[in-house]
Amino acid sequence: EEHNKQHAVSECDVCIVGGSIAGLALSIGLRTRFPDLHIALFERRQFTKAGAVLGVAPNGQKAIRELSEESTLLSSILNEGQEVKGPPELNCRPMTVLVFWYQLRDILLEYAQHLGGNLSVYTQMELQDMTEAQDAETVTVSFQDTTAQKQRTTVSAKLVVGADGINSTVRRLMRLPPAVVSDTTSIRGTVVIDHNNKSLRQKIDGSLIFSHQDTTLYLITIEKNQNVISWALSSKTTNLIDDEGVDATEKILMLLGYHERDDKSVEEKEKLELAAAVLRATDPENVVRAQNAVMDMSTGWGHRPHHPCATLVGDAAHACRPTDGQGGNMALEDCVVLCRAFTKHRNLSRNNVKELIQDFEQTRLPRVQRLHKDQSDRAQLPPGKWVSWTSEFVDWVHQGV
Ligand SMILES: Cc1cc2nc3c(=O)[nH]c(=O)nc-3n(C[C@H](O)[C@H](O)[C@H](O)COP(=O)(O)OP(=O)(O)OC[C@H]3O[C@@H](n4cnc5c(N)ncnc54)[C@H](O)[C@@H]3O)c2cc1C
């Protein structure tokens with residue numbers, strides 16, 4: 001879908017940076033509640049079929065329902081997914097539902113675009129800078145077109161929301177400390193099935209796991225979608241981030257022991273050939289790489305004299321370990337709490353914006369800190385094992401915000 005950059009708005013009430021789960025969900029929540037609010041969302045990538053799968057947990061489901069103020073958005077997401085057949089403690093309704101990441105993104109995007117009105121979505125526009133004069137009522141935000149044209153666009157906004165993920169530029173411009181990078185790299189990709197690779201989908205049918213030394217690859221299919229295979233790789237080899245296309249594929253295969261096949265059984269060799277075929281069939285456009293990282297939430301969103309009219313949601317605010325699959329769900333919760341704060345501080349004068357931000361961040365902090373504590377406790381436990389959620393944690397997830 002082409003999103004017109006030539007006619008980007010020059011003014012808006014809320015400028016959202018990042019068009020992934022957090023950015024799109026927030027735009028839906030704000031647009032639904034406040035049709036008069038002018039919202040501009042800028043995403044630096046194109047909307048490709050990147051990513052693997054994301055578990056929409058009970059708290060995420062509850063958040064989606066509140067953001068859209070009706071049930072069709074949630075139903076269309078749940079209809080695309082499948083319930084996670086997890087350990088017994090997770091088998092209570094509503095169950096976590098696994099969806100292809102790009103499908104979740106596309107459903108949110110379509111819903112946001114259908115709401116339309118004062119909401120504009122621009123792709124291939126990368127945040128470069130934010131300037132905020134001391135007593136000005138607005139922040140000046142500049143973006144650069146990521147295509148060859150490299151055009152610059154400037155927008156003035158009353159509030160900037162950074163929904164731009166773990167390596168957030170908004171966060172950097174606010175001079176907040178970056179996330180502490182861990183030693184694990186995640187790479188996720190999607191293969192769209194065509195007549196050349198039809199048999200791959202049938203051979204997986206469910207999920208397959210490959211492990212070799214400190215690298216693990218999951219191949220995942222979802223019953224309701226016969227046209228897609230997704231894969232997620234986690235490895236402690238950190239120099240995987242910069243490789244693309246064929247180089248990345250061959251390096252991943254090396255890490256999986258593909259080139260040391262001589263001492264393997266026929267069955268193991270067949271499995272590795274399947275992994276190789278899936279990786280080689282992946283369009284590099286549909287691959288996303290990230291270094292896992294965790295933010296220190298001990299002082300909340302962080303003290304910042306710079307840019308008091310900006311805040312952060314999702315991974316940009318509180319990236320956590322992927323252990324419990326809560327990253328996306330916490331991002332959805334953020335959007336609900338931020339929308340509620342908007343209801344209380346409706347007039348976006350500079351002072352009100354500051355109060356709105358404070359209200360949002362303070363309300364949100366206890367839940368974020370609770371999750372971070374849980375995850376740092378889990379990180380002390382031996383790797384490679386699922387450690388049961390306590391019944392208290394299950395209740396916490398079900399309760400949501
Ligand atoms: C392409 C992609 C695929 C993913 N696949 C999965 C998956 O399969 N499973 C899973 O659990 N998690 C996945 N994630 C991560 C997951 O979405 C997050 O961990 C979580 O949902 C919180 O989302 P978020 O919106 O806060 O951050 P993110 O999902 O990281 O989104 C941040 C967005 O901001 C954009 N952005 C960054 N910098 C700028 C800038 N300077 N200007 C404009 N835009 C910018 C990025 O392109 C991205 O779209 C994926 C993320 C991305 C970007």
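1. D13 sits in strand β1, residues 11–17 (strands are DSSP E runs of at least two residues and helices H or I runs of at least four, numbered from the N terminus). This is a predicted model, where local features need pLDDT of at least 70 and side-chain atom pairs count only at pLDDT 80 or more, while totals for chains, interfaces and linings use all residues. Residues are numbered from 1 along each chain as its sequence is written, and side-chain values use heavy atoms, leaving out hydrogens and water.

2. D13 counts as buried because its relative accessibility is 13% (buried is under 20% relative accessible area, exposed over 50%, partly exposed in between, with a 1.4 Å probe and protein chains only). Its side chain reaches the backbone nitrogen of H38 at 2.7 Å. Contacts of D13, leaving aside residues up to four places away in sequence, include L37, K158 and L348 (contact means heavy atoms within 4.5 Å).

3. Now the core. The largest nonpolar core has 91 residues, and M130 and F342 touch the most other members (such a core is a set of buried Ala, Val, Leu, Ile, Met, Phe, Trp, Tyr and Cys residues joined through side-chain atoms within 4.5 Å). Helix α10, residues 327–344, supplies the largest share of this core, with 10 residues.

4. Which residues does F342 touch, not counting residues up to four places away in sequence? They are V14, L30, F34, L37, L159, L348 and L356. There's also a second, separate core of 25 residues, with V191, L233, L253 and L255 among them.

Conventions:
Polar contact = N/O pair within 3.5 Å; in protein donor to acceptor, adjacent residues only side chain to side chain.
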